[in-house]
Amino acid sequence: MNKKFYMSLIALPLVFSVMTVQAHSEAEHMENAEDPNCEAMKGMDHSKMNMSDPVMVAMMEQCKDKMNDHHPENNKSDSHGDEGKKKHSDQDDHH
Amino acid sequence: MKFIKQTSYFKHLIITLVTLFITAIAFLYSGLYSMGADDPHYDVTTWALETLRESSIARASGDIQVPTDLNEPKRLLKGGADYNDMCAGCHLKPGTNETDFTLGLYPSPPALTKLTFNMSDETAYYQRNFWIIKHGIKASGMPAWAPGHDDERIWNMVAFIKRLPELTEEQYQVITARGKSSSGHH
């Protein structure tokens with residue numbers, strides 16, 4: 001009881017935080033960056049969205065590039081086939 | 001007569017205090033205390049520690065100036081990405097109910113996905129979260145994030161945490177993704 005014990009009291013949280021942080025700067029986080037899954041957004045019911053809600057605006061911001069890539073009229077013919085898309089067109093059929 | 005009584009009273013008091021002090025020191029060296037994180041405190045100890053924590057934070061955070069633009073979508077995006085990288089392992093994200101950290105740490109990190117805003121004073125709520133993130137909480141797993149992260153980044157996370165409990169898994173993913181290719185935010 002002793003130095004060793006107090007050291008571990010200090011060292012453990014340090015180890016944890018280093019493990020979870022590793023990089024401090026935002027740029028360094030980019031290495032294992034994920035792309036936003038914007039397909040999920042397309043499946044949402046737009047009439048229920050509140051466009052002035054910051055959460056909604058933030059999501060639109062994240063997906064604006066993606067949204068522009070996919071022209072709705074090309075939906076059936078283009079080859080961007082991924083799972084999110086399939087979900088989306090299923091829902092389209094009910095309209 | 002009265003004088004004699006008083007001196008013996010003080011003598012007893014001092015002997016008692018010295019004995020208590022020596023016992024306390026002896027206890028520290030005895031190794032009898034169980035230090036394991038898997039051995040919870042007595043209720044009274046938990047109460048004492050939580051009261052100490054809350055009074056201390058309330059006092060220390062009372063003068064913090066809260067930015068007026070915490071509702072900015074940009075803050076949610078920056079704070080969300082940082083939260084996902086640095087905090088979700090301990091404080092969870094929508095769709096996860098436990099991690100090794102929530103199971104093993106004592107005190108256990110609260111699930112910020114479930115901790116809805118329930119303080120009557122919104123300013124105090126913001127001040128408290130900002131202070132906790134910036135300074136951490138002593139003798140718990142909660143690190144101080146001030147080293148390496150400026151106040152703005154911390155406010156972004158404060159803003160994000162406020163909305164976190166309402167987010168679905170999909171919303172969380174879109175908001176927190178840094179996006180390899182997107183030129184959006186850095």
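The angle between H2(B) and H6(B) is about 100°, and their axes lie 9 Å apart. Such axes are lines fitted to C-alpha atoms, for helices over the stretch in contact, and the angles run from 0 to 180 degrees between N-to-C directions. Helices themselves are DSSP runs (H or I, at least four residues), as are strands (E, at least two), and both are numbered from the N terminus.

Which residues of H2(B) and H6(B) meet? From H2(B) come B:Glu54, B:Ile57, B:Ala60 and B:Ser61, and from H6(B) come B:Gln127, B:Arg128, B:Trp131 and B:Ile132. Contact here means heavy atoms within 4.5 Å. The residues of this contact divide into four nonpolar, two polar and two charged. In this scheme Ala, Val, Leu, Ile, Met, Phe, Trp, Tyr, Cys and Pro count as nonpolar, Asp, Glu, Lys and Arg as charged, and the others, Gly among them, as polar.

## How to read the model

Residues are numbered from 1 along each chain as its sequence is written, and chains are lettered from A and ligands numbered from 1 in the order in which they are written. Because this is a predicted model, local features need pLDDT of at least 70 and side-chain atom pairs count only at pLDDT 80 or more, while totals for chains, interfaces and linings use all residues; side-chain values use heavy atoms, with hydrogens and water left out.

## Two residues of H6

Let's stay with helix H6 of chain B, where B:Gln127 lies. B:Gln127 counts as buried at 9% relative accessibility; buried means under 20% relative accessible area, exposed over 50%, and partly exposed in between (1.4 Å probe, protein chains only). Leaving aside neighbours within four places in sequence, B:Gln127 is in contact with B:Ser61, B:Gly62, B:Asp63, B:Ile64 and B:Val66.

B:Ile133 also has its place in helix H6 of chain B. With 8% relative accessibility, B:Ile133 counts as buried. Not counting residues up to four places away in sequence, B:Ile133 touches B:Met142, B:Pro143, B:Ala144, B:Trp145, B:Ala146, B:Ile154, B:Met157, B:Val158 and B:Ile161.

## An enclosed helix

Helix H7 (residues 151-163) of chain B has 13 residues. From its first C-alpha to its last, H7(B) reaches 19 Å, close to the 18 Å expected at 1.5 Å a residue; the expected span is 1.5 Å times one less than the number of residues.

Why is H7(B) described as largely enclosed by the rest of the structure? The reason is that 11 of its 13 residues are buried. Among them are B:Ile154, B:Met157, B:Val158 and B:Ile161, and B:Ile133 touches these residues too.

## Another crossing pair

Helix H3 (residues 73-86) of chain B and helix H8 (residues 169-176) of chain B pack at an angle of about 100°, with their axes 8 Å apart. That makes H3(B) roughly perpendicular to H8(B). In H3(B), B:Leu76, B:Leu77, B:Gly80, B:Ala81, B:Tyr83 and B:Asn84 meet B:Tyr172, B:Ile175 and B:Thr176 in H8(B). Sorted by type, the residues of this contact are six nonpolar, three polar and no charged.

Most residues other than glycine have a negative phi, and most peptide bonds are trans. B:Leu92 has a positive phi of about 70° although it is not a glycine. This residue lies in the loop between helix H4 (88-91) and H5 of chain B, and B:Leu92 counts as buried at 2% relative accessibility.

B:Ala139, not a glycine either, has a positive phi of about 50°. Is B:Ala139 buried or exposed? B:Ala139 is exposed, with a relative accessible area of 76%, and its place is in the loop between H6 and H7 of chain B. The peptide bond from B:Tyr106 to B:Pro107 is cis, with omega near 0°. B:Pro107 sits in the loop between helix H5 (100-104) and H6 of chain B.

## The wider view

The domain assignment of chain B, which is automatic or from a database, gives domain 1 (1-33) and domain 2 (43-176). Taken over C-alpha atoms, the centres of these two domains are separated by 44 Å.

Chain A has five helices and zero strands. Of its 95 residues, 27% count as buried.

Notes. Parallel < 35°, antiparallel > 145°, perpendicular 65-115°, else oblique.
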